[in-house]
Amino acid sequence: MSARPAADVAAALKEASFDADRCWRIRDLQVVREEIKIYLTDGFLIFSKPVAGQPVAALFVTEVEGGDGEIILMPPSAGERQSLARFTQAPNLNEHFKSAFFLFTDGTAAELEAAIKEREAKPSPEMGALLANEFSATLRNLSSSFEIRLIHDLTSEVNPKMGLFFAALGGTAHGNFDVIYDPQARDQIVAGQIANRDNRSFYNIWTSFQTRRVRQDPALEPVEQDLKIEAVTIDAVIGADLQLSATTTLKVRIPDGEAARRVRNAFSFDISRRVRVREVKIDGKPATVLQRENLRSNLLRGNDNELFLVACDEPLAPGEHTFEFRQEGSVVIPAGNGVYFVSARGTWYPHHGLQFAPYDLTIKHPIHLTVVATGDVVEERLGEDYRVTRRRIAAPVRLAGFNLGEYKKTATSRGGLQIEIYANKSVEAGLASARREVLLPPVQTLPAPRGAPRTPLSQVILQQPPPDPTAQLGYLANEVAEAFDFLSKQVGPPPLKTLAVSPIPGTFGQGFPGLIYLSTISYLAPRDRPAFASDSLQQTFFSDLLVAHEVAHQWWGNAVSTTGYRDEWIMEALANYSALLLLERKRGVKAVDEILIRYRDHLLEKRDGAPPLDAAGPIRLGARLESSESPGAYRALVYEKGSWIIHMLRKRLGDTQFFAMLKEIYTKHARQRFTTGDLRLLAAAKLPAGAVDKSLEHFFAAYVEGSGIPALTLRAKIAKTAKGATVSVELDQAGVAEDFSIDVPVEIDYGRGKTETRWVRTEGAHTTAAFTLTALPLKVSLDAKNTILATRP
Ligand SMILES: [Zn+2]
């Protein structure tokens, strides 16, 4: 196997064009990729000129009388059919199209050419010339979306069975949309569409699933890691202009075995779009780097990272290797007023999947700035105008982060844990101008002298001094210490015993191992917060939940992790519920119940005729929830519905077993991929004896895999009998699909604190049940303890 230089392939792709001499008038060709069926019924088909020895694209157009193309795609599960229906109003995709662009590395051209030959289709060079002229630019544009992948496959001569097939279709009913078949992806089939709303671009994923073949044979699931990172060393310099240049050295191991499915001369990494990788050496020898930016691929990835490719001419042998990256970028962003922060949505050094490794981190930076980073300080040097700090993280961690600014610092310790809080000395420009102005009524104690001008109301505005972000330092330190200590007792000692907290402008936070970015709003006293953060749910979030939520990510998200969007909800749900647990300890059960009720109401809130956020779909859709149809749904579902799901599990398990489960998640799944299935099994094993829904499959089907929040009404009739009583109940369920079904606790109250719970499983809109009791109850009520996510009259 001879590898092609990646740079040559990249150059050829840039010049790609359609080949007028390879155009045919065709009828009744088809392309079938597992569940995707594409019929090229009547039209013209043209291939691209070869790139790396083979055509990588084709175009089909129906510019003939009665011309037609058609695609049929039937998602395999109810959830995926619902998802497709949300975007296309139909559970199966059956769409005619006028044009189809295909990009592929899976031998599609050879397959179609064989069919063309067999049918003796007529060549059409005149149409070919027209199409080549009109669409070659579109071809280059489209192939740039998948450039890294195309180069990856073409460079390494990947087994065609593992190659990519992408179709951009011009549909007659739904406009332009994409269908992707990629055997190397976790979901091999994806259909979706770029959509714009409120000046924001979304990639709406209509449906995404594993092929039937992979579902039936898990051995065919794509190999997750083609290289294992064993140690990371980063040597970084932040210049006076805040530019960051760094050398990142990864010690990696190329695993043995499965040679046919692994590619060993092209590796893709993630890095922030703000960073350019200038040079890569593998084992000291220069390698090719290809880094591109593209809207479609970035939208598909859903973060600020982009893929770049590192390729070497000869495949790497299994065993240890060293990758050395030289990178530059503007990840440090000034926010005005001497406030800086590190762009948080991308990664500032090269990443390759979910990997845990020890880190050695050296940062040189201007002396007037303080750099906060993960790890124990092992060396510190001062120059005339710079400072160099070297840190080591011995425990393997998922990420290393840093932040910087002109900080004021306070430190504290609690239960053997160290806490450092860094605050900006002044508020960033955005918050300084957003501060609330106080309007004073004109002083009316003395009547104004006749003829004296009246002071217009608008002039009597008291300009408040800018809020002080350091005023709350002591309070914050205490909050963080309390949360850190509380969770280490509830869940287990954290992997890193020191936690540094530093500010980031915006309404969010982020928790890296040992380092938290906390919204600058949380640094302000409640009265100093901008108007958008001043309603009481927002105040509770910034004052009471955000700190503990980010601290909780030390366990949920950093020690225990998920991969893939379908399980991502678990970490947000556990982090947010951990914050609610701390709030419960501080302010009691009632305070948490109130927040849960408000979460529920927020999920169901009608928004200008649009469906409520909860209607965006099951929580397991993760990032897919955030579409042009339902902006804001991701956050509402993973935080709010996610907290409810954990809360409901707690109520099923009882506190002792619930807290035992949290500990077990941490001890059994640290540094591993934790899944929704793992959560269900752990919880089910801790259910009390005699519990209904022993496997919790019914519960997960309704609230995790399914969607909807039911409105429940209970009517009970109590009849006294010789031996006690009989109770007959009627349970009405509304606001959800007919097949939505949950177990509902019905509380029988005998008075004097004696109660008993019976469970009724809802079946459609109307369910009846009857119980025989050995005593006469005073009262029968529905879910008296607020343990299920539902509304009731
Ligand atoms: Zn979070």
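What spacing do the donors of the zinc ion follow along the chain? The pattern is H-x3-H-x18-E.

## The zinc site

Three residues coordinate the zinc ion: His 549 and His 553, each through NE2, and Glu 572 through OE. The distances run from 2.0 to 2.1 Å. His 549 sits in helix α10, residues 536–552, while Glu 572 belongs to helix α11, residues 568–587, so this pair ties together parts that are 23 residues apart in sequence.

The protein chain has a mean pLDDT of 90, with 92% of its residues at 70 or more. One stretch to watch is 435–461, where the pLDDT is below 50. In the model, this stretch has 28 contacts beyond near neighbours in sequence. Where pLDDT is low, the predicted coordinates should not be read in detail.

## The cavity

The structure has one cavity of 30 Å³ or more, and the largest cavity holds about 80 Å³ of space. Its lining includes a run of named residues from Tyr 349 through Pro 350, His 351 and His 352 to Gly 353. Also in the lining are Ile 229, Val 232, Leu 250, Gln 355, Ala 357, Tyr 359 and Arg 398.

Which elements give two or more residues to this lining? They are β11 (228–238) and β20 (357–366). By residue class, the lining of the largest cavity splits into seven nonpolar, four polar and one charged.

## The second largest pocket

The second largest pocket takes in about 470 Å³ of space. Of the 29 residues that line this pocket, Ala 373, Gly 375, Val 377, Arg 391 and Glu 420 lie nearest its centre. The lining divides into 14 nonpolar, seven polar and eight charged residues.

Which of them gives the most? That's β23, with seven residues.

Key: Residues are numbered from 1 along each chain as its sequence is written. This is a predicted model: local features need pLDDT of at least 70, side-chain atom pairs count only at pLDDT 80 or more; totals for chains, interfaces and linings use all residues. Side-chain values use heavy atoms; hydrogens and water are left out. pLDDT is the predictor's confidence in each residue, from 0 to 100. Contact means heavy atoms within 4.5 Å. On a 1 Å grid over the protein atoms alone, a cavity is a set of points where a 1.4 Å probe fits but cannot get out, and a pocket is an open set with protein on both sides within 12 Å along at least five of seven lines; lining residues have an atom within 4 Å of a point. Grid points are joined across faces, edges and corners, and a volume is the space filled by probe spheres set on the points. Helices (H or I, at least four residues) and strands (E, at least two) are DSSP runs, numbered from the N terminus. Ala, Val, Leu, Ile, Met, Phe, Trp, Tyr, Cys and Pro count as nonpolar, Asp, Glu, Lys and Arg as charged, and the others, Gly among them, as polar. Donors are N, O and S atoms within 2.8 Å of the metal (3.2 Å for Na, K and Ca); water is not among the atoms, so sites may look incomplete.
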